[in-house]
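Dear colleague,

Please find the structure below, handed over for your records.

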Amino acid sequence: MKIKKRTFFFIFLFIIIIGLLAFRIVDRLNVKQQEEVRKSQIEEEIIVPVRTALVEKGEVNSFLKVTGVVEANETVRVTSEIMGQAKEVKVKDGEGVNKGDILIVLGDEQIKIQVAQAQATLDSIQASYDKVKSGARPQEIKQAESAVLQAKINRDSAEENYLRMKKLSSEKAISEQQYEQAKNQYEIADVQYQSAQESYGLVIEGAGEEDIKSVEAQVRQAKAALDMAKYQLKKTQITAPISGKVTSVTVSSGEMVSPSIPLLSIIDVSRIFVKVGISEKDISKIKEGQKVNLEIDAFPEERFQGEVVSRGVAVDQISKTLEVKIEILQPEVQIPVGVFARGDILVKTNQDALIISSSALTRKKDGIYVYVIEEGIARQKEVVLGIIQDERVEILEGLSEEEEIVVLGNQELEDGVKVTVLEKEE
């Protein structure tokens, strides 16, 4: 009997526990349902304020940003072709010159003497040639003998002076220029003496065909020597090879100058350029004639226009860039060479593009979206972007012209949320 009562008690207790649990579950379900209903009611009542704009059609441009340094049209380093002393430096830094203007004058006294000697030699040989062609007379024989004697005296005197100068030069007692002058005078005197001897021999023996050809060769040689002397005389005046502005003058009056040593530079700034390097991935975008917007740090308030005028033919193996030159078109200020410049090269233009503000874009993990207003409801649309120009974005897919989109407040939106338009941008 006691066992039955105890069993009945446990059964009754179990039923009560089950009932309590069921009541608890039902109560929780009711609370959750009520919360969901309340939340749904609240959401239905939320209206998000936004600012909107219409999708419009217009022009959008794509630019390639580059940097470089301003360079001159041409820079030439001026040197002397002969050794000499600077007699006069006629220009100074910053001075403008034209092509052919005299920049530096070298001492020419010794070279003028060489020209006179070469001219005399040519006249003498030419006279001998004329005599050989026409035959000699007694008085001509005497003249030839006198010419040989005089030429020998001149040569001996020049040789004596040359040997003396050579010794002094080895002792560093005279300049190289003085030594060269004595050597040249001796060589010219020796040639004159040999020519006089040959001419005398021809006068005495009479000229054969070979003799005539020999004298003709001497005439040509003497003419070449005269031309060389005249050329050196001309080079005592160093002239401007191009027009431009003088810079880096390194010589003063009275100084000795040597061949191939830069004396000054001339910069041609009639046209100025910005030289930039284009990476391999962007080379295909660059063509001659493209317009460029330029900014130069030295002139922060100015804006400059440029144009691509040339592109290299080989990529630099170290920097992996292609050299491109941009001409600065008609600058209103004087831009010094060497300043830093930045540029935007116009590489593409779409005239009839769908354009929206970049503020309308909402970026999510699965894509880029824009909210379109349809009867007061924000509808999420995925878009495909094209050119991005500052705050303007080209839309390739996803929108149509004149659609109303959210440009402010879109970060708080979800698909299907009610909105109220506070302002519509024009």
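Where is the place of Ile82? Ile82 lies in the loop between β2 (56-78) and β3 (84-89); strands are DSSP runs of E of at least two residues, and helices are runs of H or I of at least four, numbered from the N terminus.

Please note that this is a predicted model, in which local features need pLDDT of at least 70 and side-chain atom pairs count only at pLDDT 80 or more, while totals for chains, interfaces and linings use all residues. Residues are numbered from 1 along each chain as its sequence is written, and side-chain values use heavy atoms, with hydrogens and water left out.

Ile82 has a relative accessible area of 10% and is therefore buried (under 20%; exposed is over 50%, partly exposed in between; 1.4 Å probe, protein chains only). Its contacts (heavy atoms within 4.5 Å) include Leu106, Val257 and Pro259, not counting residues up to four places away in sequence. Ile82 and Pro259 are 177 residues apart in sequence, yet 5.3 Å apart in space, C-alpha to C-alpha.

The whole structure holds three aromatic pairs (Phe, Tyr or Trp rings, the last by its six-membered ring, with centres within 6.5 Å; stacked under 30 degrees between planes, edge-to-face over 60, otherwise tilted). Tyr162 and Tyr186 are stacked, because their ring centres are 5.4 Å apart and their planes at 5°. This pair links helix α3 (residues 138-170), which holds Tyr162, to helix α4 (residues 176-205), which holds Tyr186. Both Tyr162 and Tyr186 are buried. Ring pairs join Tyr162, Tyr179 and Tyr186 into a cluster.

Yours sincerely
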